[in-house]
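Here is a walk through one model, helix by helix and then residue by residue. Have the viewer open and follow along.

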Amino acid sequence: MAWWKAWIEQKGVSVKSSPHFNPDPDAETLYKAMKGIGTNERAIIDVLTQRSNAQRQQIAKSFKAQFGKDLTETLKSELSSNFERLIIALMYPPYGYEAKELYDAMKGLGTREGVINEILASRTKNQLREIMKAYEEDYGSSLEEDIQADTSGYLERILVCLLQGSRDDLCGFVDPGLALKDAQDLYTAGEKICGTDEMKFITILCTRSATHLMRVFEEYEKIASKSIEDSIKSETHGSLEEAMLTVVKCTRNLHSYFAERLYYAMKGAGTHHGTLIRNIISRSEIDLNFIKYQFKEMYGKTLSSMIMEDTSSDYKNALLNLVGSDP
């Protein structure tokens, strides 16, 4: 990896590994924070939100070795509400957490399609491969088969296509001729005919790289005199429309997409805590600093300020620690 690429990636990380890390004193701090009557929530926040995920896993091992107790189960017995939900989410290995989110989105009555769209459309091929592996290890079933069992029609097809991870951009090369042909095919499949060839849209959106699709979107707008988003809205509806628009948003600007998800998780009456927690935790060691910058550019306020307005107490403090300083 080039030094500049590693530097850029580190600039995006809001939760970094603690230097001079030793899991044993951290485990002891957590044990004392939960020993006896009452709980020292501040100590739990200071340890778990200021360590990388890999370090948290080491702390959990040390906790069990020293005190003969499972750290996650002990935390569950001491904490409650959204603060508990956030802290327990921090204790999952990254891919295990995303597998859990997908499993929870499909279990029981109804399906939370927004969660599935978000994860499948925004992850790389390698990330999706690891999520599928964790899903099978933790739940004893295939993620692809569970998605097929829980969805149907064109929504099922686009989700299964996304799961293959064929959108990775390995070289950055764009074939102008193929981009133009794809744009023409999309126009022919939608605006030009009565009805819509949904599979043509799905195939192009799910198998082309982001850099290629950006060129396709430019060419499409020249041909159709409208954006690809407007065409999707007029040609599709419901769950399929949402899935396609998610792919387009992630293609255009991944950081803007996550900024939007976080904003609407807190905007208006009520808070979508699952979306807020999932996106802050899952992006904290990848690109949350870039998302914070985009959030401020798009909405004229910082992510931290909105969290302060919309949450409270230990839950708020833990979120703010994960988010870090304002851009």
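The arc here is taken over the directions from the helix axis to the C-beta atoms. Buried stands for under 20% relative accessible area, exposed for over 50%, and partly exposed for anything in between (1.4 Å probe, protein chains only). Helices are DSSP runs (H or I, at least four residues), numbered from the N terminus; strands are E runs of at least two.

A quick note on bookkeeping: residue numbers start from 1 along each chain as its sequence is written, and side-chain values use heavy atoms, with hydrogens and water left out. As the model is predicted, local features need pLDDT of at least 70 and side-chain atom pairs count only at pLDDT 80 or more, while totals for chains, interfaces and linings use all residues.

## Both ends of H21

Helix H21 covers residues 313-323, and Val 323 belongs to it. Val 323 counts as buried because its relative accessibility is 0%. Not counting residues up to four places away in sequence, Val 323 touches Ser 14, Ile 280, Leu 288, Asn 289, Lys 292, Leu 303, Ser 304 and Ile 307.

Ser 313 has a positive phi of about 60 degrees, although it is not a glycine. With 48% relative accessibility, Ser 313 counts as partly exposed.

## Helix H12, one side covered

H12 takes in residues 176-189, and its 14 residues at 1.5 Å each should span 20 Å; the end C-alpha atoms are 20 Å apart, so the two agree. The expected span is 1.5 Å times one less than the number of residues. Within H12, the buried set is Ala 179, Asp 182, Ala 183, Asp 185, Leu 186 and Ala 189. Their arc around the axis is only 160 degrees, which puts them on the same side of H12. As a reminder, an α-helix has 3.6 residues a turn, so residues three or four places apart point the same way.

The buried residues of H12 pack against helix H13 (198-207), helix H14 (210-224) and helix H15 (228-235). At the start of H12, a side-chain oxygen of Asp 175 comes to within 2.9 Å of the backbone nitrogen of Gly 177.

Glu 229 is found in H15, and with 17% relative accessibility it counts as buried. Its side chain makes a polar contact of 2.6 Å with that of Arg 252. A polar contact is a pair of N or O atoms within 3.5 Å; within protein, one must be able to donate a hydrogen and the other to accept it, and residues adjacent in sequence count only if both atoms are side-chain atoms. Leaving aside neighbours within four places in sequence, Glu 229 contacts Leu 245, Val 248 and Arg 252.

Thr 236 is in the loop between H15 and helix H16 (238-252). Is Thr 236 buried or exposed? Buried, with a relative accessible area of 7%. A polar atom of its side chain lies 2.6 Å from the backbone oxygen of Ile 232. Thr 236 also touches Glu 241 and Met 244, residues up to four places away in sequence not being counted.

## Core and covered helix

The largest nonpolar core has 92 residues, and Leu 75 and Ile 158 have the most contacts inside it. Such a core is a set of buried Ala, Val, Leu, Ile, Met, Phe, Trp, Tyr and Cys residues joined through side-chain atoms within 4.5 Å. Helix H8 (residues 113-122) is mostly covered, with eight of its 10 residues buried.

## Exposed loop residues

His 20 lies in the loop between helix H1 (3-12) and H2, and counts as exposed at 83% relative accessibility. Phi of His 20 is near 55 degrees, a positive value in a residue other than glycine. Ile 37, in the loop between helix H2 (23-34) and helix H3 (41-48), is exposed as well, with a relative accessible area of 91%.

Methods. Contact means heavy atoms within 4.5 Å.
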